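Visitor: I would like to learn how to read the features of a model like this one. Please take them in turn.

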Amino acid sequence: MMTLTQHSYTPKKWDLSGLQGISDKTLEIHFGLYEGYVKNTNLLNEQLSELLAGGKAAGADPHFAELKRRLGFEYNGMRLHEYYFDNMRRGGGGEPSDPKLKAALEATFGSVETFKRDFAAVGAMRGVGWAIAYQDPANGRISNHWITLHEDGNVAGFQPVLVMDAWEHAFLLDYKPAERPKYIEAFFSNVDWAVAATRLTKAA
Ligand SMILES: [Fe+2]
């Protein structure tokens, strides 16, 4: 019997109480949802390993195929929440002070203000998903993308620099569904620009 190396993910913890415009209750529920993605990622990996080890990995088998398809949803759900919670902090907001981040944003958008306007517009798009500012490692360019659910729209090889959850569970306790712009404003007032700066690619 084949033995496979298992890697199990452990949920991360954040101390984000006292953010501006995003309540502790919202965060508490949100951390719980995040932990569900970690749990399901581990579960899927286990089930798929068992199928493989048992000689039952077959693309034509709908059960195998369905589990494989769900990996994109659960993995991205786990990882994007980690980027999101990591790029906020109490007392955050303001303008990026890191010269490389500032330069990268200005090189693409002309000004940080224009970048923020574009990012906010992406975040306000109708639907369930994420607004993500990526950097292209090939040329350093920053571009803002809408990700539907967790997995549709991520660009292979692009580096996430700033990640914002735009699912309604991220703000529905604090704002009405139509008030998403207020949530986006709150997000910007909590952004940890120093963390965003550490994500810049080496190429840039
Ligand atoms: Fe979320």
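**Reading the features**

Guide: Gly 21 sits in the segment before H1. Helices (H or I, at least four residues) and strands (E, at least two) are DSSP runs, numbered from the N terminus. This is a predicted model, in which local features need pLDDT of at least 70 and side-chain atom pairs count only at pLDDT 80 or more, while totals for chains, interfaces and linings use all residues. Residues are numbered from 1 along each chain as its sequence is written, and side-chain values use heavy atoms, with hydrogens and water left out.

Visitor: Is Gly 21 buried or exposed, or partly exposed?

Guide: Buried means under 20% relative accessible area, exposed over 50%, and partly exposed in between (1.4 Å probe, protein chains only). Gly 21 has a relative accessible area of 36%, so it is partly exposed.

Visitor: Which protein atoms are donors of the iron ion?

Guide: Donors are N, O and S atoms within 2.8 Å of the metal (3.2 Å for Na, K and Ca); water is not among the atoms, so sites may look incomplete. Here the protein donors are NE2 of His 30, His 81 and His 169, and OD of Asp 165, at 1.9 to 2.1 Å from the iron ion. Their spacing in sequence is H-x50-H-x83-D-x3-H. His 81 belongs to helix H2 (residues 62-86) and Asp 165 to strand S3 (residues 159-165), so this pair ties together parts that are 84 residues apart in sequence. His 81 is buried, at 0% relative accessibility, and Asp 165 is buried as well, at 0%.

Visitor: What is the geometry of the iron site?

Guide: Four donors count as tetrahedral if all angles lie between 85 and 135 degrees; four count as square planar and six as octahedral if opposite donors are over 155 degrees apart and all others between 65 and 115; anything else is irregular. The angles among the four donor atoms of the iron ion run from 86 to 143 degrees, and the site is irregular.

Visitor: How many aromatic pairs does a search of the whole structure find?

Guide: A pair of aromatic rings is described by the distance of the centres and the angle of the planes. Rings of Phe, Tyr and Trp (its six-membered ring) pair if their centres lie within 6.5 Å; planes under 30 degrees apart count as stacked, over 60 as edge-to-face and the rest as tilted. The search finds 18 aromatic pairs. One of them joins Tyr 84 and Trp 130 edge-to-face, with 6.1 Å centre to centre and 80 degrees between the planes. Tyr 84 is in helix H2 and Trp 130 in strand S1 (residues 129-135), so the pair ties together parts that are 46 residues apart in sequence. Tyr 84 is buried, at 1% relative accessible area, and Trp 130 is buried at 0%. Both belong to one aromatic cluster, whose members also include Trp 14, Phe 31, Phe 109 and Trp 193.

Visitor: How many salt bridges does a search of the whole structure find?

Guide: A salt bridge is a side-chain nitrogen of Lys or Arg within 4 Å of a carboxyl oxygen of Asp or Glu. The search finds ten salt bridges. Among them, Glu 35 and Lys 13 meet at 3.1 Å, N to O. That pair links distant parts of the chain, with Glu 35 in helix H1 and Lys 13 in the segment before H1, 22 residues apart. Glu 35 is partly exposed at 30%, whereas Lys 13 is exposed at 68%.

Visitor: Which residue forms a salt bridge with Asp 192?

Guide: Arg 89 does, and the closest N and O atoms are 3.7 Å apart. Asp 192 lies in the loop between H5 and helix H6 (193-198) and Arg 89 in the loop between H2 and H3, so the pair ties together parts that are 103 residues apart in sequence. Asp 192 is buried, at 11% relative accessibility, but Arg 89 is partly exposed, at 39%.

Visitor: What is the phi of Leu 149?

Guide: Most residues other than glycine have a negative phi. Leu 149 has a positive phi, near 55 degrees. Leu 149 is placed in the loop between strand S2 (142-148) and S3, and is partly exposed at 35% relative accessibility.
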